[in-house]
Amino acid sequence: MAPAKLLLPLPFEQIMRRHEGEIMRYLLRSSGNRADAADLFQETWLRAYCAYPRLDPGSNVRPWLYTIALNLCRNQARDGARRAAVIIADEEANPAAERIGKTPRAQVENDGYAAVRMRELISALPARQREALQLRYFAGLNYPEIAEVMKCSPQTARANVSQARRKLKSLW
Amino acid sequence: MNLEQFLSGAAGAGDLPVEELLRRSRKQFERMLKGMRRPEVAIGVVNSPLGDLLVALGARGIVLIHYLLGGDLESIIAKLRLTLDPVEDRHSVTGVGAEIRRYLDGHTDALRSRVDLALATTPFQKKVLGKLQEVPRGAVVSYRALGAAAGAPKGARAIGNVMHNNPVPIYVPCHRVIASGGGLGGYGGGLSRKLRLLRSEGFTLGNAAKALPVSVVWGHKDTKIYCRSGCPAVQRADSARIVFFADSAQAKTAGLRPCKVCRPAL
């Protein structure tokens, strides 16, 4: 009699080797600096390692990893905002909003700072639209995957991305 | 640069040089993980005369043997994953199946693999299973006697629990534990497997046996004397000190002398 087929998840090492590059790129792009990205990277994989036994072997690893990464990005943004509020309490409520539009577009293009300006615009988007846009373009997830990460329907994910794009286009 | 270019440039994931950062972060991550890493085990299903067995083999020995009786494979693996990192590897576990087969065929020294009691979590479990490993082939003890040996003279039920949760049956011989009165007790893999194992260890037991046969001798741990089943001397003795042997020869090998009242054979 043939031995029963085992339904085993991939070893964690293999998951990590396969996805660490894209997770790092996603974190770099959405956090915008290397130190934060490195911290978030550690934390993401540590959480993933601890939670891995409870992940159903049949389920899709990629959205699961991005769920962890996104939650950590949110935490970091929240804590960062709190810290900033303590240190520079008298500055304007939303510095990102203030900066937007101040740099003339021609200069942006001339100086090759398009990416910087784009980052500013993206960071000023409403949270869910920004997150959906980042998952779509920085992480390269498809809509069903984004929906899984953001706990919404694929239609909502698609709508969030397209609204974000429309907003960026109008501001660009 | 327009919006589309920017976004599609970002989507082409290969452009961002992250190798150096990744290398450093990975090293740091490994360091952070050091104390909390789950040990890796090779797992696979092996065929044996006792049916299919799920075997998990770690670096320090066999971690788990599980009788596959129904469709409980998924739940047992899910449980295993909480403490270990299982990797499917049929080749490294087939040796265990071969050892069990040889053992049941009567090769007394066939069970050579080491045992790792990593899944026995409580100190009591570890202690009881350690004591149990001292029970030799050809002998059986009662739940009560094992409890007494492990420092829990009133803990026969607790011993039953530990046996039920024995992570490595066959190698850690929980089939050598029976009821104090000579009844066979139960077995996680079903009583027929317990009978089969005990038969291969020298006990004469029929397929429907419910108790040890009268041919066993009762040994006393302190006096080092062994008796026939019905001997009045043994009936006065504390049942927590009794070890059952398949026959007189086994008792003699264990260093006991025959009783002068009932004069067991040999």
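This presentation describes the predicted model shown above, beginning with chain A and then turning to chain B.

A word on conventions. Residues are numbered from 1 along each chain as its sequence is written, chains are lettered from A and ligands numbered from 1 in the order in which they are written, and side-chain values use heavy atoms, with hydrogens and water left out. Because this is a predicted model, local features need pLDDT of at least 70 and side-chain atom pairs count only at pLDDT 80 or more, while totals for chains, interfaces and linings use all residues.

I begin with chain A. Its secondary structure comes to nine helices and zero strands; helices here are DSSP runs of H or I with at least four residues, strands are runs of E with at least two, and both are numbered from the N terminus. Chain A has 172 residues, of which 44% count as buried, where buried means under 20% relative accessible area, exposed over 50%, and partly exposed in between, with a 1.4 Å probe and protein chains only. The accessible surface of chain A comes to about 9,000 Å², and 53% of that belongs to carbon and sulfur atoms; these areas come from the Shrake-Rupley method with a 1.4 Å probe, and for residues only the protein chains shown count as cover. Among contacts in chain A between residues at least 6 apart in sequence, 63% join residues at least 24 apart, a contact being heavy atoms within 4.5 Å.

Next, the aromatic rings. Rings of Phe, Tyr and Trp (its six-membered ring) pair if their centres lie within 6.5 Å; planes under 30 degrees apart count as stacked, over 60 as edge-to-face and the rest as tilted. By this rule there are eight aromatic pairs over all chains. One of them is formed by B:Trp218 and B:Phe244, which are edge-to-face at 4.8 Å centre to centre, with 70 degrees between the planes. This pair links distant parts of the chain, since B:Trp218 lies in strand 7 of chain B and B:Phe244 in strand 9 (residues 242-245) of chain B, 26 residues apart. Both B:Trp218 and B:Phe244 are buried. In chain A, ring pairs link A:Phe12, A:Phe41, A:Trp45, A:Tyr49, A:Tyr52 and A:Trp64 into a cluster.

One ring of that cluster, A:Tyr49, has the charged end of B:Arg38 over it, 4.0 Å from its centre. A charge sits over a ring if NZ of Lys or CZ of Arg is within 6 Å of the ring centre and within 35 degrees of the ring normal. Within chain A, A:Arg136 lies over the face of A:Tyr143, at 5.3 Å from the ring centre.

I turn now to the sheet in chain B. Four strands form an open sheet in the order 3-2-1-4, with mixed pairing; two strands pair if DSSP finds at least two bridges between them. Which strands stand at the edges? They are strand 3 (61-67) and strand 4 (85-88) of chain B, each with a single partner strand, so one side of each is left without a neighbour in the sheet.

Strand 1 (residues 40-46) of chain B has six of its seven residues buried, so it is largely enclosed by the rest of the structure. With strand 4 of chain B, strand 1 pairs in the parallel sense over four bridges, and B:Val41 has B:Pro86 as its bridge partner there. With strand 2 of chain B, strand 1 pairs in the antiparallel sense over five bridges, where B:Val45 is partnered by B:Leu54. Strands 1 and 2 of chain B form a hairpin with six residues between them, and B:Gly51 in the turn has a positive phi of about 100 degrees. Strand 2 (residues 53-58) of chain B is in turn joined to strand 3 of chain B by six bridges, running antiparallel; B:Gly58 has B:Gly61 as its partner in strand 3.

Helix 8 (residues 191-200) of chain B has several buried residues, among them B:Leu195, B:Leu197 and B:Leu198. The buried residues of helix 8 pack against strand 3, helix 4 (90-104), strand 5 (139-142), helix 6 (143-149) and strand 6 of chain B. Just after helix 8, B:Gly202 takes a positive phi of about 110 degrees.

Finally, two loop residues. Most residues other than glycine have a negative phi. B:Ile170, in the loop between helix 7 (156-164) and strand 6 (177-178) of chain B, has a positive phi near 75 degrees. Is B:Ile170 buried or exposed? B:Ile170 is buried, with a relative accessible area of 2%. B:Lys224, in the loop between strand 7 (217-220) and strand 8 (225-227) of chain B, has a positive phi near 60 degrees and is partly exposed, with a relative accessible area of 42%.
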